[in-house]
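Q: I have a model open and want to go through a few spots in it. Can you take my questions as they come?

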Amino acid sequence: MISARSQEGMRCFKIYSGQVDKGDHSGGLSHHGHDGSGRNQGSFNKGASWRQKHTPHCPVSPNERLGEKDFTTRRSMVFARHLRIVGDEFRANFLESNDEDDKTVFNEDWTKAKQKPSAPLGGPYLGVHLRRKDFIWGHRDDVPSLRRATEEIHSLLKKLKLKKVFIATDADRQGKYLEELRRLIPEMVRFEPTWEELELYKDGGVAIIDQWICAHARYFIGTSVSTFSFRIHEEREILGFDPKTTYNRFCGDKEKNCEQPTHWKIVY
């Protein structure tokens with residue numbers, strides 16, 4: 001039996017490999033267990049205390065809570081296949097990205113995934129997570145202004161010789177911030193679901209699609225202390241990306257000591 005201490009805890013406990021339920025923010029993570037024979041046992045209650053820590057909006061990284069630097073538990077948490085397919089199709093159609101060219105071929109059986117001899121190349125685009133809303137007030141010192149973020153994005157595009165940037169953000173779809181972002185960054189590409197897609201995938205599913213696309217970028221830069229960015233770090237680590245292209249964050253406008261995210265290395 002799963003005992004949840006709060007409604008928020010219950011939302012974190014719910015893991016789906018299919019459609020995400022209304023009000024659930026897990027975003028379609030499925031927990032795959034194995035009995036040693038390689039047979040998939042599916043989701044199981046014993047893993048509930050672990051599963052809580054692997055959803056996009058649960059507060060703490062599993063490695064920080066459990067001290068599991070080998071990522072064994074996190075590697076067993078696989079994004080739902082139908083959401084990965086949506087992300088892959090978007091990459092192919094709008095970002096000229098595919099697993100063969102990007103060297104990001106995904107092994108459906110996580111127990112058979114091994115350390116790659118060389119780091120993946122990633123798609124020909126910059127991946128960005130810009131958290132706004134409550135973070136602007138709750139983390140004002142280490143969250144950049146739109147001007148600062150725009151300058152950093154253009155600098156990275158030039159440095160990396162890339163022409164497109166995929167941006168995941170919680171800014172309102174019809175808000176002034178997003179309009180200004182489009183004006184300042186014409187290279188911006190976003191996954192903008194139709195109302196039908198939003199009804200089907202829910203906010204959690206759209207979050208997973210955004211994370212999956214960011215995880216396959218040539219280079220990723222995220223938001224300080226954001227669990228959404230943490231999930232992308234972990235997914236890129238699992239895919240085998242160079243840490244220098246993964247563990248990066250925006251700095252606040254007046255931040256003097258801009259400490260970058262901690263690198264959690266997988267030990268197979």
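Q: Where does His-233 sit?
A: His-233 is in helix H11, residues 227-239; helices are DSSP runs of H or I with at least four residues, strands are E runs of at least two, and both are numbered from the N terminus. This is a predicted model, in which local features need pLDDT of at least 70, side-chain atom pairs count only at pLDDT 80 or more, and totals for chains, interfaces and linings use all residues. Residues are numbered from 1 along each chain as its sequence is written, and side-chain values use heavy atoms, with hydrogens and water left out.

Q: Is His-233 buried or exposed?
A: His-233 is buried, at a relative accessible area of 5%. Buried means under 20% relative accessible area, exposed over 50%, and partly exposed in between, with a 1.4 Å probe and protein chains only.

Q: And what is His-233 in contact with, leaving aside its neighbours within four places in sequence?
A: On that basis His-233 has contacts with Phe-220, Thr-246, Tyr-247, Asn-248 and Pro-261. Contact means heavy atoms within 4.5 Å.

Q: Switching to cysteines. How many disulfides does a search of the whole structure find?
A: One. Cys-251 and Cys-258 form a disulfide, with their sulfur atoms 1.8 Å apart; the criterion is a pair of cysteine sulfur atoms within 2.5 Å.

Q: Why is that disulfide called left-handed?
A: The torsion about the S-S bond of Cys-251 and Cys-258 is about -85 degrees, so the disulfide is left-handed.

Q: Are those two cysteines buried or exposed?
A: Cys-251 is buried, with a relative accessible area of 18%. Cys-258 has 21% and is partly exposed.

Q: And Cys-214, buried or exposed?
A: Cys-214 is buried, with a relative accessible area of 0%.

Q: OK, helix packing. At what angle do H8 and H9 pack?
A: Helix H8 (residues 146-160) and helix H9 (residues 176-184) pack at about 35 degrees, and their axes are 11 Å apart. The axes are lines fitted to C-alpha atoms, for helices over the stretch in contact, and angles run from 0 to 180 degrees between N-to-C directions.

Q: Which residues make the contact?
A: From H8, Leu-146, Thr-150 and His-154; from H9, Tyr-177, Glu-180, Leu-181 and Leu-184.

Q: Where is Val-165?
A: Val-165 is in strand S6, residues 165-169. It is buried, with a relative accessible area of 0%.

Q: What does Val-165 touch, again leaving aside neighbours within four places in sequence?
A: Val-165 is in contact with Leu-126, Val-128, Ile-153, Leu-157, Ile-185, Glu-187, Met-188 and Val-189. Val-165 and Ile-153 are twelve residues apart along the chain, and their C-alpha atoms are separated by 8.0 Å.

Q: Last topic, the chain as a whole. How many helices and strands?
A: There are eleven helices and eight strands. Buried residues make up 49% of the 268 residues.

Q: What share of the contacts join residues at least 24 apart?
A: 65%, among contacts between residues at least 6 apart in sequence.
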